[in-house]
Amino acid sequence: MNESTHRALRESLGWLALGRVDDAERARIEAHLDGCTACRAELADLQATTRRLELVDVDRLEELPAPPADLGDRVIAAALRSGSPRRRTGWLVAAAAAVVLGLGGVGGWLLRPVPATVAVPLELVAVTSNDDAVRASAELIPHTWGVEIQLTATGFSSGERYTVEVLSADGTRPGAGAFIGVGERSMHCNLNSPVLRSDATGFRVLDDSGAVVVSSSF
Ligand SMILES: [Zn+2]
């Protein structure tokens, strides 16, 4: 087998790994594999690659942004420029797998833009504690459906039940949830209320007897 025939055969290994060769081609490649350690090693590598590609959740691909239309060509061009036949075949199998999967380009999928973290507008609000043991701070998030209060505190009596009310400009005090005190351990509690930010004037935390333990006006 001369050099160029051997190279062509090695490049067929990618298609074999993907199961995209006919029986005659498979027989021809397998006959060569019997006597060529290098090609057997290459095939094992490629099969490992295709197994990883099989882990791609095809049903979720539609959620991913489309890669540039020419990406597949660019991957193949880069692969052909690469000096190492081993690397080149690896890229080719990735490009071929991309075609099989309808991805347009595995490179594009791997390099897909990751959405930037959405900044949450946090409003630090003043908190007054009526219990010396309780230390609390709170931040407020204005949502379209109401306000969320993120309460961070220590010192609420362990095992005691507390309820939270958000105060509204119209005088109502809708409940915003409840929690159980955990003593000196730090707790972080997200409390949701249907009062819109424009109507919300404060919140308070009541103990089991209805006494106000913590209050905040904003
Ligand atoms: Zn070989």
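These are my notes from looking through a predicted model, starting with the overall make-up and then going site by site.

**Entry 1: overview**

I began with the protein as a whole. I find six helices and nine strands in it. Of its 218 residues, 35% are buried. I also looked at contacts with a separation of 6 or more: residues 24 or more positions apart account for 56% of these.

**Entry 2: the zinc ion**

Which residues coordinate the zinc ion? I get His6 through NE2, His32 through NE2, Cys36 through SG and Cys39 through SG, at 2.0 to 2.2 Å. Along the chain the donors follow the spacing H-x25-H-x3-C-x2-C.

Next I checked the geometry. The angles among the four donor atoms run from 102 to 123 degrees, and the site is tetrahedral. For reference, the ideal angle for four tetrahedral donors is 109.5 degrees.

His32 is found in helix α2, residues 23–35. Is His32 buried or exposed? It is buried, because its relative accessible area is 15% and the cut-off for buried is under 20%. Leaving aside neighbours within four places in sequence, I see His32 in contact with Met1, His6, Leu9 and Cys39. So two of its contacts, His6 and Cys39, are also zinc donors. Cys36 is buried as well, with a relative accessible area of 10%.

I moved on to the nonpolar side chains. In soluble globular proteins, such side chains tend to be buried together. The largest nonpolar core here has 23 residues, and those with the most contacts inside it are Leu151, Phe156, Val166, Phe179, Phe203 and Val205. The elements giving two or more residues to this core are β3 (135–143), β4 (146–154), β5 (161–168), β6 (175–180), β7 (187–193), β8 (200–206) and β9 (212–217). Which of them gives the most? That is β4, with four residues. Apart from this core lies another one, of 11 residues, among them Leu16, Val21, Leu33 and Leu46.

Not counting residues up to four places away in sequence, Val166 touches Val147, Ile149, Thr172, Arg173, Pro174, Ala176, Ser193, Val195, Ala200, Gly202 and Phe203.

Back to β4 for its burial: the strand is mostly covered, with seven of its nine residues buried.

**Entry 3: the four-stranded sheet**

I traced an open sheet of four strands in the order β1-β3-β4-β7, with antiparallel pairing. Its edge strands are β1 (123–125) and β7, each pairing on one side only. Neighbouring strands of this sheet are turned by 25 degrees against each other on average, direction ignored.

I then went through the pairs in sheet order:

- β1 and β3 pair in the antiparallel sense over three bridges, and Glu123 stands opposite Leu140 in β3.
- β3 and β4 run antiparallel and are joined by nine bridges. Pro142 stands opposite Val147 in β4. A hairpin of two residues joins β3 to β4.
- β4 and β7 pair in the antiparallel sense over seven bridges. The bridge partner of Thr152 in β7 is His188, and Ala153 stands opposite Met187 in β7.

What about the two faces of β7? In a regular strand the side chains alternate between the two faces of the sheet. In β7 I find a covered face made of Met187, Cys189, Leu191 and Ser193, and an uncovered one made of His188, Asn190 and Asn192.

**Entry 4: Glu139**

Last, I looked at one residue of β3. Glu139 lies in that strand.

Glu139 and Leu124 are 15 residues apart along the chain, yet I get 4.4 Å between their C-alpha atoms. Leaving aside neighbours within four places in sequence, Glu139 is in contact with Leu122, Glu123, Leu124, Val125, Glu148, Ile149 and Gln150.

Technical notes:
Residues numbered from 1 in each chain as written. Predicted model: local features only at pLDDT ≥ 70, side-chain atom pairs only at ≥ 80, totals over all residues. Heavy atoms only, no water. Core = buried A, V, L, I, M, F, W, Y, C linked by side-chain atoms within 4.5 Å. Buried < 20%, exposed > 50% of the residue type's maximum accessible area, 1.4 Å probe, protein only. Contact = heavy atoms within 4.5 Å. Donors = N, O, S within 2.8 Å, 3.2 Å for Na, K, Ca; no water. Tetrahedral: all angles 85-135°; square planar, octahedral: opposite > 155°, others 65-115°. Pairing = 2+ DSSP bridges. Axes fitted to C-alpha atoms, helices over the stretch in contact; angles between N-to-C directions.
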